[in-house]
Each structure stands twice: as C-alpha cells, then as structure tokens.
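Open the model in your viewer and show side chains. The stops below tell you what to select next.

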Amino acid sequence: MTATAGPAAASPSGPRRDTIVEVPRGLAGVVVTDTSIGDVRGREGFYHYREYSAVDLAEHRAFEDVWHLMLRGTLPDAVERARFAREAAPLRRVPDGVLPLLAPVADATRDEGPLAGVKALLPLVGAAYGMRPLYDATPRRRQDEALALAALVPTLIAALHRLQQGERPLEPRDDLGYAANYLYLVTGTEPDAARAKAVEAYLVSTIDHGFNASTFTGRVIASTGADLASCVAGALGALTGPLHGGAPSRALDTLDAIGTPDRARAWITDRVLAGERIMGFGHPVYRTEDPRARMLRGIAYELGGPLVDFAAQVEREVVAVLADLKPGRELHTNVEFWAGVVMELCGLPRDMFTPTFAASRVVGWTTHALEQAADSKIIRPAARYVGAPAPQRVPALT
C-alpha cells in the first residue's frame, strides 16, 4: 500500500522523498539494495557467495580462498592463496596499543562473555589502526582495514575467552590456517586434520547469508560513512541477540533436556502440543532443508560418536512427531542444530559457539560494509507514527 503527501506521485526512477511506502514488519522480503556478494534462495534450499555455491566452497576450498573471493572478488589460485595467507597472518596479532587492555576488558565483561569484550575493544582497535571514516578513505585503504579487522577479531575472541577462563592468551601461529589457528588459540592445542577441516567447513559456510540482521546493521552504519570498526561493532551487537546468533548452544541444550534416546518422542510431543519452539529446527528463509545443516550433518557423521547418533535420532523423531500431529507442516533442521554438534565434537565449549560464528561472519560484515561504502546514499527509512494525536498544547508547569 502506498500513501502520498503532496501533489506528485512516484517518479519512474523510484518513490519521491514525500512518498511513504508501507512494507511488511521487519522488512520481510523487501529488497533494499543491489549486491554482488551473494544471495539466499530459500525455496530452493541454496545460497551462494559471488557466483559459487557456498556449500561447494565449504566442502572444497580453504577459508583463505573464500575470504579472498569475498574481499577481492575472485577465487585465488595456489600462488595467490599463499600470497594472501602471508598478507593476512601478521594481522592476527593484537596491536601494541590494545594489548594491555585485554585483561581489564576481559575482567569487566566476564559475565557477558568474549563478544561483549570484543564490542568494547573494537573502537580502540579502530583508533590504534588509525581508521578514518569510510567516507574519507580510499578504496585501497578500506580493503586494507577490512583485511586487518577480519584477521584480528578471531584473535580477540580467543584471547578474551582464555582470560575469562583464567588462562593465558596465546600468540597466533603463522604456520596454521585460519580455522586451525583459531582452534589452537581457543583450546591451546593444535587440532588434528579432521577437526580443523570440520571447523573450517563450518566457518566457510557461515561467512555470509544474505541481508540478515547483523549484516544489515553493519551496512546501515557503513551508509553513514562511519569507520569500519564501528560497522563491525554494530553488526556484532546485532549478532549477540538470542534471535540471531545464539541458537547453536541452545540446540545442544535441547539434547541435554531430552537426556536419553528413549525419552525423545515423549519430550518432543509435549513441546509440539504446547506450541513451544524446538531449538535447531525451522528457518525464516528456507522452505526446504537448510543446505548448511545437510553439509554439517555429513561432517558430524564422519566424526562419529554417541552424540551424533543421539542427534540423528532426535532429528528423526521431530520429523515423525510433526508428521503425526501437524500433517503437511515441514520443519527441517537448521544450521544451528548440526553446527552445535560439530563444534562440540571439535572441542569448542558451548559459550564459544556464537563467538565462533562471529569469527567467520566478520569476513562477510566487512565485505558488505565496503560494498555499501561505495554507495553515497545513506540508509534512512521512515516510521509510521501511532502515538497520541499531535500537536497537543504543552501544559503549564504547576
């Protein structure tokens, strides 16, 4: 529905400034801009980065390859990958001006976890790097800053986590790839090849996923011309909301609540009849199986073990219960269900599931911020006022 104020209607090039266009709540399905970064095709159960299937990339390419694709626009060959990895590795280290602040920030955010600490540190990181507003920075400077931030954020996450656990932060290792280095920084142990590859596939699969809440938040900030650290801090703030990035550990909490396989059917039936949400199932975009869940299920099966068997049984029971109680309604596992299983098997503690998500999504956020910065139009939507009629007489002070 469209309401116009003033004598003129919308022009062929788009709505006039004095035109109000009403859209669905939450901007669901509303196209707000053009992007060449990727897309999610929910009815097909497919999403892609640039021109490549994201799942194919996760299964066949290293994280650095996909990072290069997002930031530079092309998949690298072997020589380009090695060059890019050498360029990124030194940027994992915490700047000297920020290093003394890690311990006090970790202590101040101990109850909230490492992402709260990263949010606090990002403005200081921006100052330490001398980040200027994107509006004033050259395209080359913007790319350099994006590379530096995406390289550093996983180090900050791991360092704050270890400090909050009473352990000493570790120095990044240039001889390890992005995923293996991250696991080493968090756990203190160099991962075996299978677990490094499993986490790497997860990280690649979560780099980007359309105009989700955190990505859109980062782009709104970038549209103002603000510095890149502010864009990432804002996106990170959106991610910490439980409706966005907090589900992987909650999906495992569901398995804990069920406890044993023999209790699965009754527990799920009770929740469905009560109208409660079963964490790890359903997705606002996909109308088919989440392709990330399909891939991570396969990885979990390769890792094997009782947790995988239990998760698979719960997945089957949810589908069976829904078929009995709500025929015709399809509810598939989403990425969080099997992501939680994979991360648990790879030694990541549950309070690090959402931070690990952020360690990959920062690549997507920075890429989107750069794309938005190339457009000088600020994102400035309208709202429909529903309060008391205005203007009212201002009462005298008595």
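Which residues of H2 are buried? Select helix H2, residues 63–72. Phe 63, Glu 64, Asp 65, Val 66, Trp 67, His 68, Leu 69, Met 70 and Leu 71 are buried (under 20% relative accessible area; exposed is over 50%, partly exposed in between; 1.4 Å probe, protein chains only). Helices are DSSP runs of H or I, at least four residues, and strands are runs of E, at least two, numbered from the N terminus. Gly 73 follows H2, with a positive phi near 95°.

This is a predicted model: local features need pLDDT of at least 70, side-chain atom pairs count only at pLDDT 80 or more, and totals for chains, interfaces and linings use all residues. Residues are numbered from 1 along each chain as its sequence is written, and side-chain values use heavy atoms, leaving out hydrogens and water.

Next, select strands S3 (residues 38–41) and S4 (residues 46–49). They run antiparallel, joined by four bridges (strands pair if DSSP finds at least two). Val 40 has Tyr 47 as its bridge partner. Gly 38 and Val 40 lie on the covered face of S3, Asp 39 and Arg 41 on the uncovered one. In the hairpin turn, Gly 45 has a positive phi of about 70°.

Now color the largest nonpolar core, 113 residues (buried Ala, Val, Leu, Ile, Met, Phe, Trp, Tyr and Cys joined through side-chain atoms within 4.5 Å). Tyr 49, Trp 67, Ile 268 and Trp 338 have the most contacts inside it. Helix H6 (residues 139–164) gives the largest share, 13 residues.

Finish at H12, residues 264–273. Ile 268 is buried there, as is Trp 267.
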